[in-house]
Structure formats: structure tokens, C-alpha cells
Amino acid sequence: MATTISATDVKKLRDQTGAGMMDCKAALEEADGRFEEATTILRKKGLASAAKKAGRATTEGLIGHSLDRDHGKGVLVEVNCESDFVARTDDFQQLVRDVLALIDKAGDQVSDAWLKDPNGPVQQRVAAAIGKLGENMAVPRCVRYAGHGYVAQYIHMGGKIGVQVEFSGVTPDVAAKDDFATLVKEIAMQIAAASPSFASRTEVPADALEKEKSIYRAQMESSGKPANVIEKIVEGKLGSFYSQVVLTDQPSIRDPKMSVADVLAASNKALGAKVGITRFARLKVGETTAA
């Protein structure tokens, strides 16, 4: 004898899964009224539809962010979808919150491989959201800082750009000062606006430097200058390169006459501290897709 499926049961399953009414009714009938099994049936259908949508571009979305009250731990994660309309829905924003919670739960286990594991918790949660919202979605990258310094964040353009910065030398007394809050905001906004690649000159890869030098040498080939003079000119030209890609060498967006290193030095003098910038991340929605 077939199990009678009530409208209340169908609505309950719809509320739990977001699937259509007729799909929920059919799943409950197939599962003889068992909710868990009906949910599995719908998930399987959701995963099947997700596979069909996997080739569609995901250039919209949000940068999810979470930050501990003591600023000892922070997470940024890029969650993509196809349209800004879906990005603004409650369901998509719940997906972002859920992904952040999964990253927080995994802790030190978080890695690129963990994030992209098709059988892992993040991709399973994304697959369920695809089935519910009907758009392709992706979580291409996340950044997690924990236990190595003071973590700060800045979210720009309503969640389209997220910046995370880790500072060293921040004591509780320093963290409580208004001058430090001003410094944190200025550095984070600098990263958002100027998009540096490295925190300091020492982080610039040797091959990247050699590439720049070879370009400058080629420009000087017909100058007739001695090799040792050309090398000095080349070293001088590297300053322009550093001012583009190295955070501390960049002109301050607040006062271009000062470098970010100058801003940091002035702040440290005012704070009576030795605050440094150890690392940072800048995530922009759709950047990895567009690249």
C-alpha cells in the first residue's frame, strides 16, 4: 500500500531542501515518506544538475569574512556564483556563512586541496546550493591566519574585495590605541586600492627581479655606457618596480609624498612601538576566474 504524502510533509521537505514542491512530493513517494531518504534522493538530483552547470562562468559572488574578537584569527573566502542577483539572496549569503563555519571547524587542516576536494565538506555544501539555487557556484580560494600576530580585515565594495593583514609587535596596550586603529585602516585600504604583491622586498622572487633587470639592461644596450655604470642604473630603476609591487615601497594613498614604510615609521613613533606587517591577502570576486 502506497504511503500517503501530506501537503505538510511536502512543505517541510521543501523548507529543508529548497527543492520544488513537485520534486519534494515525488521524492517522498519514492522514499515511502522517509525524510532522510527523500533528502538523499533530492541531493542526488541536485548533484546531477550541478554537474550540468559546472562549465558556466562564476564571476559574481562575495568575499566571506570572519574575525575573532581578540584579532588572533581571521578568514577570508571567495564564494562565486553566476549572477549578482543570486549573490544578494539570503540562500547564497547563508552558503557563505556555512563555508566560513566549515573552514573554522577544520582549523589547521585547511588547505587548497581540502577546499577543492569534491568529497570534502565545502564542495558538498556548494553542490547542495547549486541544486537549490540553479546557478553554478565555486569556492576557489580562502586565506586563514591564526596564532602568529594581530589580524585585521577590511571589506570593500559591499563584499567584492576583502583584505586581511597580519601585524607583528602588537601588544594589548598598542591594540587599544586610536593611532593603531588608524594605522590598521590605512594599511588595509592601501592594499585594497593599490593591490601590492609582496609585503617587503625580501619576498620578491629572484627570477622576477632578474626579469626586470634584463628589461632595463636591454633598454640601455645602445647607450654606450660601461657595464658597471649600466648595472648601477639598472639597480636604480628597480626602485620604480618595487614601488609598484612591494607594499612598504608604495606611495601612501593618503599622502603620496610618503611611502607606506614612512607611514609605518611615523605610526610606530607615535605609538612608542615596533609594529610590523608580516603578511597580507587581497581577494577580489571573480579575479581568479578572469585570470
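This is a dialogue on how to read some features of a predicted model.

Reader: What kind of model is this, and from where are residues numbered along each chain?

Author: The model is predicted, so to speak of local features one needs pLDDT of at least 70, side-chain atom pairs count only at pLDDT 80 or more, and totals for chains, interfaces and linings use all residues. Residues are numbered from 1 along each chain as its sequence is written, and side-chain values use heavy atoms, with hydrogens and water left out.

Reader: How is a pair of aromatic rings described?

Author: A pair of aromatic rings is described by the distance of the centres and the angle of the planes. Rings of Phe, Tyr and Trp (its six-membered ring) pair if their centres lie within 6.5 Å, and planes under 30 degrees apart count as stacked, over 60 as edge-to-face and the rest as tilted. By this rule the count here comes to three aromatic pairs. Tyr-150 and Phe-180 form one that is edge-to-face, with 5.0 Å from centre to centre and 80° between the planes.

Reader: Which parts does the pair of Tyr-150 and Phe-180 tie together?

Author: Helices (H or I, at least four residues) and strands (E, at least two) are DSSP runs, numbered from the N terminus. Because Tyr-150 lies in strand 4 (residues 150-156) and Phe-180 in helix 9 (residues 178-194), the pair ties together parts that are 30 residues apart in sequence. Tyr-150, Phe-167 and Phe-180 form one aromatic cluster.

Reader: Are Tyr-150 and Phe-180 buried or exposed?

Author: Buried means under 20% relative accessible area, exposed over 50%, and partly exposed in between, with a 1.4 Å probe and protein chains only. Tyr-150 is buried, and so is Phe-180. The rings of Phe-241 and Tyr-242 have their centres 6.0 Å apart and their planes at 45°, so this pair is tilted, and both Phe-241 and Tyr-242 are buried.

Reader: Which charged ends sit over the rings of Phe-35 and Tyr-145?

Author: A charge sits over a ring if NZ of Lys or CZ of Arg is within 6 Å of the ring centre and within 35 degrees of the ring normal. The charged end of Lys-12 sits over the ring of Phe-35, 4.5 Å from its centre, and the charged end of Arg-279 sits over the ring of Tyr-145, 4.0 Å from its centre.

Reader: Which residues other than glycine have a positive phi?

Author: Among them is Met-157, with phi near 55°, which lies in the loop between strand 4 and strand 5 and counts as exposed at 54% relative accessibility. Another is Ser-195, with a positive phi of about 50°; Ser-195 is found in the loop between helix 9 and helix 10 and is partly exposed, with a relative accessible area of 34%.

Reader: What is the volume of the second largest pocket, and which elements supply its lining?

Author: On a 1 Å grid over the protein atoms alone, a pocket is an open set of points where a 1.4 Å probe fits, with protein on both sides within 12 Å along at least five of seven lines, and lining residues have an atom within 4 Å of a point. Grid points are joined across faces, edges and corners, and a volume is the space filled by probe spheres set on the points. The second largest pocket has a volume of about 160 Å³, and of the 10 residues that line it, the closest to its centre are Gln-123, Val-126, Met-137, Ala-138 and Val-139. Helix 7 (121-133) and strand 3 (138-146) each supply at least two residues of this lining, and helix 7 gives the most, with four residues.
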